Amino acid sequence: MAKKKNKNNAKLIVFVTVMLALTAGVFYYASKPKFVHYADFGIDIPVNYTIHGIDVSKYQSSIDWEDVRNMQIRQINIGFCFIKATEGADDVDPRFKRNWRSAKEMGIARGAYHFFNPYRAARVQAQNFISEVKLQPGDMPPVLDVEQAGTLSKDVLQQRVRDWLILVEQRYNVKPIIYTGADFYAKYLAGKFDDYPLWVAHYLAKNKPRVKRDWNFWQHNEAGHVNGITGFVDFNVFNGDSADFQQLLIK
């Protein structure tokens, strides 16, 4: 009788183990980003995400923002845009003001970013950004684009980045977003800025960006096409649903 009971218990354990493995497999493949090719956008897009966006600068030249807003292919449309505002101590993107105004007029959630020069003082760079960017309710938080260390040590770079972030947070009363590449984050920033929202560039990944922390935006491709924009444009997704996205916006 004991042998029969042990046999039944063994069968039950095997059955439960198999079911758990199958359930885990189903969950993994259901949650794994699925890339679908969109000929109109010219790229593969991770369709598991519901909120898609782009980022632009002077290199996209003159943009027809109405065409950008109206482009919808199946369930994919442009829901947000990051726009370059400033660089270094005194450079202002010549397309910023027009892009900033037009994105708002078209109802596209907008965010402004500053390209960080590691050799210039953080204070003058922060002031350059602050003098050009007037954030309003419904805008995304300010963004620091940091992707160059030059010859600086990691400690010095981190201090200059932190100084910029603190000054800008004090001005707008919202924690800025950090934009960088996955490898750059791991080498220079990981462990020191993990409490800041992250927008990470990683083009070779097919599941998610390779960073060992939570992330908010993923720049997954740099060669997309959008109506109203000449040439290539970067494509991004937001890591969350519409409620999460609204929570991120400036109130």
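Predicted model: local features only at pLDDT ≥ 70, side-chain atom pairs only at ≥ 80, totals over all residues.

Modeller: Residues are numbered from 1 along each chain as its sequence is written, and side-chain values use heavy atoms, with hydrogens and water left out.

Colleague: How many helices and strands are there in the protein chain?

Modeller: Helices (H or I, at least four residues) and strands (E, at least two) are taken as DSSP runs, numbered from the N terminus. On that basis the protein chain has seven helices and twelve strands.

Colleague: What percentage of the residues of the protein chain count as buried?

Modeller: A residue is buried under 20% relative accessible area, exposed over 50%, and partly exposed in between (1.4 Å probe, protein chains only). The protein chain has 251 residues, and the buried share is 46%.

Colleague: Among contacts in the protein chain between residues at least 6 apart in sequence, what percentage join residues at least 24 apart?

Modeller: Contact means heavy atoms within 4.5 Å. Of the contacts between residues at least 6 apart in sequence, the share joining residues at least 24 apart is 64%.

Colleague: Which residue makes a polar contact with the side chain of Asp-55 through its own side chain?

Modeller: Asp-55 is placed in strand S3 and is buried, because its relative accessible area is 7%. Beyond four places in sequence, its contacts include Trp-199, Gln-219 and Asp-234. A polar contact is a pair of N or O atoms within 3.5 Å; within protein, one must be able to donate a hydrogen and the other to accept it, and residues adjacent in sequence count only if both atoms are side-chain atoms. At 3.0 Å, the side-chain partner of Asp-55 is Gln-219.

Colleague: Is Asn-128 buried or exposed, and which residue's backbone oxygen does its side chain reach?

Modeller: Asn-128 lies in helix H4, residues 122-132, and counts as buried because its relative accessibility is 7%. Leaving out residues up to four places away in sequence, Asn-128 touches Thr-86, Glu-87, Gly-88, Ala-89, Asp-90, Asp-91, Val-92 and His-114. Its side chain reaches, at 3.2 Å, the backbone oxygen of Gly-88.

Colleague: Is His-202 buried or exposed?

Modeller: His-202 belongs to the loop between strand S10 (198-201) and strand S11 (217-224). Its contacts, not counting residues up to four places away in sequence, include Ala-182, Arg-210, Trp-218 and Gln-219. The relative accessible area of His-202 is 10%, so it is buried.

Colleague: How far apart in space are Leu-248 and Asn-216, C-alpha to C-alpha?

Modeller: Leu-248 is in helix H7 (residues 242-248), and counts as buried because its relative accessibility is 16%. Beyond neighbours within four places in sequence, Leu-248 is in contact with Pro-141, Phe-217 and Phe-238. Leu-248 and Asn-216 are 32 residues apart in sequence, and their C-alpha separation is 9.4 Å.

Colleague: Near what value is phi of Asn-173?

Modeller: Asn-173 is in the loop between helix H5 (154-172) and strand S9 (177-181), and it counts as exposed because its relative accessibility is 71%. Most residues other than glycine have a negative phi. Asn-173, a residue other than glycine, has a positive phi, near 60 degrees.

Colleague: Where is Ser-61 found?

Modeller: Phi of Ser-61 is positive, near 60 degrees. Ser-61 is partly exposed, because its relative accessible area is 32%. Its place is the loop between strand S3 (52-56) and helix H2 (65-70).
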